Amino acid sequence: MPGPIIRIRGLCNAFGDQIVHQDLDLDVMEGEVLGVVGGSGTGKSVLLRSIIGLNAPAAGRIEVFGQALAGLQGNARRGLEQRWGVLFQDGALFSALTVAQNIEAPLKEHLSLSRALMDQIAAVKIAMVGLGPEAGSKFPSELSGGMRKRAGLARALAMDPEIVFLDEPTAGLDPIGAAAFDELIGSLQRQMGLTVFMVTHDLDSLTAICDRIAVLAEKRVLAIGTMADMLRQDHPWIREYFHGPRARAAGVWTETPGT
Amino acid sequence: MSDTRGRIETIPAGNRLELRLSGRWEVGCAAELESALAQLRPPGDQPVLIDLSCLDRLDTTGAWLIHRSIEGLRSPQRSVTLTGARAEHEQLIARVSGLYQPCEIQPPPGNALVRLVTRLGENALTILDIAASFTAFIGLTTISLLRSLLKPRRLRFNAITVHMEAAGINALPIVSLISFLIGIVMVYQGAFQLARFGAQIFVIDLLAFSVLRELGVLLTSIVVAGRSGSAFAAEIGSMKLHEEVDAMRALGMDPVEILVLPRVISLMVVLPLLVFTADIMALLGGAMMCWISLDIAPDLFLQRLRSTVDLPTFWIGVVKAPFFAALIALTGCYEGLQVSGSAESVGRHTTRAVVESIFLVIVADALFSILITILGL
C-alpha cells in the first residue's frame with residue numbers, strides 16, 4: 001500500500017489581510033493522479049506554489065518524499081527539487097532557447113552528461129509528448145498554445161521526475177487538444193509510474209484521468225475522494241460543480257441525480 | 001527501495017560476455033553509466049548477454065542508455081540478448097526506442113561567409129525599413145496631434161500630467177546634479193588652460209557659451225533619452241506583449257492617440273524646463289568653482305556673465321529642446337510598438353530606443369548648428 005508522497009498539515013497562507021488557506025491538510029498518495037478543483041481565488045495555484053517552495057507559507061508543514069522542504073538548504077534542497085517537474089500554465093518556456101534547449105536546460109544545470117546523450121534525451125522527450133522532431137529547433141514564440149504546453153511538459157519530464165505538478169494543463173486548448181493532452185498525461189503517468197498533482201477546471205480531465213479529486217473551498221480542502229464520492233457530497237458548491245450542466249456534458253453523471 | 005546507484009558488472013562466461021545491470025538506472029547516474037558503457041569493448045564477435053533481473057528502478061534515460069548500448073554492440077557477427085527484464089522495464093525500453101527520432105537542437109547555423117553577407121544585407125534593409133516606417137510613424141503622430149488640437153477634449157490631460165511628473169519632475173535631481181558637476185568641471189579645466197595666457201576671467205565666457213548653447217540641452221536630452229526614452233519603449237513594449245495594444249485597436253481606441261501623444265506632448269513641455277534648470281545649475285556650479293579656486297566673487301561672476309551673454313544665446317539652447325524631446329519620445333514609442341514575441345524583444349527594442357534617440361538628438365544638434373551659423377546668430 002503506497003503511502004502519502006506529499007503530506008500537508010496545518011498550512012496557512014495569507015496575502016496582507018486576505019487569508020487564502022487556513023489549517024489546510026492534504027495527502028497525495030504515491031502513484032495517483034490528484035485533481036485539485038475550486039472556485040477562482042480559492043488558492044489552487046497558491047497551494048501548488050507552496051508545495052514546490054515558490055511561496056513561503058505563513059504557517060504549517062509541507063513534506064514531500066517525507067522531507068520538509070522549508071528546512072532544507074543548498075544541495076539537499078536541489079536534490080529534492082530534481083525529483084519533481086512542474087508545468088506552468090502557459091508552459092513558461094525560456095523564450096531565448098529552442099524547445100530542445102529548454103528540455104536540456106535542467107539536464108545541463110544538474111548533471112554532466114555528454115552532448116550526444118543530452119540531445120538524444122531531448123529527442124526522446126519531444127517524441128514522448130507527441131511533438132514532431134521538427135519542433136526541437138523551434139523557439140517558443142513560433143509554437144501554438146497546445147505545442148507550448150507539450151513542450152513545457154517535456155521540460156517538466158526532462159529529469160524523469162517522480163511527481164509532476166500541472167497548473168491547468170488543458171486551459172486554453174481546444175476540446176480535441178485537451179482530450180489528447182489528458183490522454184498523454186494518463187499514458188505517461190501509467191508508463192513512468194508518476195504521481196500527478198493537477199490543478200484543473202476541466203471536468204473532462206477530472207473524469208478521464210484523475211484517481212481522486214480534492215475540492216478547495218472555505219480556505220481548506222473541503223472534500224477529497226473519487227468522483228463517486230464527490231457526487232454524494234451535500235455541500236452546495238460541490239453539488240453545483242459536479243451536478244451542473246457542464247458536468248453532465250462531461251459525462252460525470254448520466255441519469256438524473258437523486259435529490 | 002534500495003539507494004544503490006546504477007552499476008554494470010561484467011561476468012566472464014566462457015565465450016560470451018555477460019553484463020549484469022543493477023541498482024537504480026536513472027538520470028542522476030546517467031553520466032557514470034554512460035562512461036562505463038562506453039568502456040565496454042568486447043572482442044570480435046563475442047555474443048553479449050545483458051541481464052536486467054537485478055535492476056531496482058529504470059527511468060526513460062536509463063532505458064535509452066540500455067537501448068543505445070544494445071544498438072552499439074549489435075553487429076552482423078554479434079548477437080546481443082536481453083534477459084531477466086521485468087515486463088514494465090521491457091515495455092519502457094521498447095517504447096523509448098520506438099519513439100526516438102533524431103531532431104535538431106537549434107536552427108542550423110549555415111555557412112559563416114553566407115551568414116555574414118546575409119546579415120549585412122538584412123541589416124542594411126532593416127535600417128531602410130526602419131527609416132521608412134519611422135517617418136510614417138512621425139506623420140501618423142502629427143496627424144493625430146493635429147486632430148487632437150482641433151478637438152482638445154480628446155487630449156488626455158491626466159496621462160499628460162502623469163508623464164510630465166515621471167519624465168520631468170522626477171528627473172530634476174539627476175539632471176541638476178549632472179549639470180552642476182559639469183559646471184564645476186568646465187571651470188576647473190578651462191581655468192587651467194586659460195591661466196597660461198593670464199586670461200582666467202574668460203573662463204566665464206567659456207562656461208556660459210558652451211553650457212547655454214550646447215552642453216545644457218545636449219546633456220539633458222541624453223539623460224532624458226536614457227531615463228524616459230527607455231521607459232516609454234519598455235512600457236509600450238510590454239503592453240504590446242500582453243496584447244493590450246491590440247485590445248485598444250479592437251475597442252476602436254487609437255493607440256497613437258492614447259499612448260504616443262501624451263508622451264510626446266509631455267516630454268516636449270518638460271524638456272525645455274529641464275534644460276532651463278540644467279543651465280542654471282551648471283552656471284551655479286561654475287560660479288562656485290570660480291569663487292573657490294579662482295577667487296572670482298559671485299558679484300564679479302554675475303557682472304561678467306551679464307556683459308558677455310545676451311538673451312539669444314540662452315534661447316539658442318532652449319529652442320532646441322522641444323525638437324529633441326519629440327525625437328526622444330517618438331523613438332521610444334516607436335520602438336515600443338515594434339516589440340513582438342518574447343521578453344527578449346522588449347529588451348532589444350528598449351536598447352534600440354535609447355541608442356537611436358541619442359543618435360538622432362546629436363544629428364539634430366549638428367543640423368541646428370549649421371542652421372544657426374547660416375542665420376548668423
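How many residues of chain A are in contact with how many residues of chain B? In this predicted model, 27 residues of chain A are in contact with 25 residues of chain B. Two residues are in contact if their C-beta atoms, placed from the backbone, lie within 7 Å. Three helices of chain A, H3 (99-110), H4 (115-128) and H6 (175-192), each supply at least two residues of the side that touches chain B. H4(A) gives the most to that side, with 10 residues. By class, the side of chain A that touches chain B has 15 nonpolar, 10 polar and 2 charged residues. Ala, Val, Leu, Ile, Met, Phe, Trp, Tyr, Cys and Pro count as nonpolar, Asp, Glu, Lys and Arg as charged, and the others, Gly among them, as polar.

Residues are numbered from 1 along each chain as its sequence is written, and chains are lettered from A and ligands numbered from 1 in the order in which they are written. Local features need pLDDT of at least 70 and side-chain atom pairs count only at pLDDT 80 or more, while totals for chains, interfaces and linings use all residues.

Chain B holds 13 helices and 4 strands. Helices (H or I, at least four residues) and strands (E, at least two) are DSSP runs, numbered from the N terminus. The radius of gyration of chain B, taken over C-alpha atoms, is 36 Å. Of the 377 residues of chain B, 34% count as buried. A residue is buried if 20 or more other C-beta atoms lie within 10 Å of its own, exposed if 12 or fewer, and partly exposed in between. Among contacts in chain B between residues at least 6 apart in sequence, 84% join residues at least 24 apart.

Two helix pairs of chain B follow. Axes are lines fitted to C-alpha atoms, for helices over the stretch in contact, and angles run from 0 to 180 degrees between N-to-C directions. The axes of H5 (residues 157-167) and H9 (residues 255-294) of chain B come within 8 Å and cross at roughly 50 degrees. H5(B) and H9(B) are therefore oblique to each other. Angles under 35 degrees count as roughly parallel, over 145 as roughly antiparallel, 65 to 115 as roughly perpendicular and the rest as oblique. On the H5(B) side, the contact includes Ile160(B), His163(B) and Met164(B). Among the H9(B) residues that they meet are Pro262(B), Arg263(B) and Val270(B). This contact has 9 nonpolar, 2 polar and 1 charged residues.

H7 (residues 203-241) and H11 (residues 311-318) of chain B pack at an angle of about 10 degrees, with their axes 8 Å apart. H7(B) is thus roughly parallel to H11(B). Phe209(B), Leu212(B) and Arg213(B) are among the H7(B) residues of the contact, and H11(B) contributes residues including Phe314(B) and Ile316(B). The contact of H7(B) with H11(B) divides into 6 nonpolar, 3 polar and 2 charged residues.

Two residues of chain A have a positive phi without being glycine. Phi of Ala92(A) is near 50 degrees. Ala92(A) sits in the loop between strand E6 (84-87) and H3 of chain A. It is partly exposed, with 16 other C-beta atoms within 10 Å. Asp160(A) has a phi of about 45 degrees. Its place is the loop between helix H5 (145-156) and strand E7 (163-167) of chain A. Asp160(A) counts as buried, with 23 C-beta neighbours inside 10 Å.

Key: Rg over C-alpha atoms; globule rule 2.2 N^0.38 Å.
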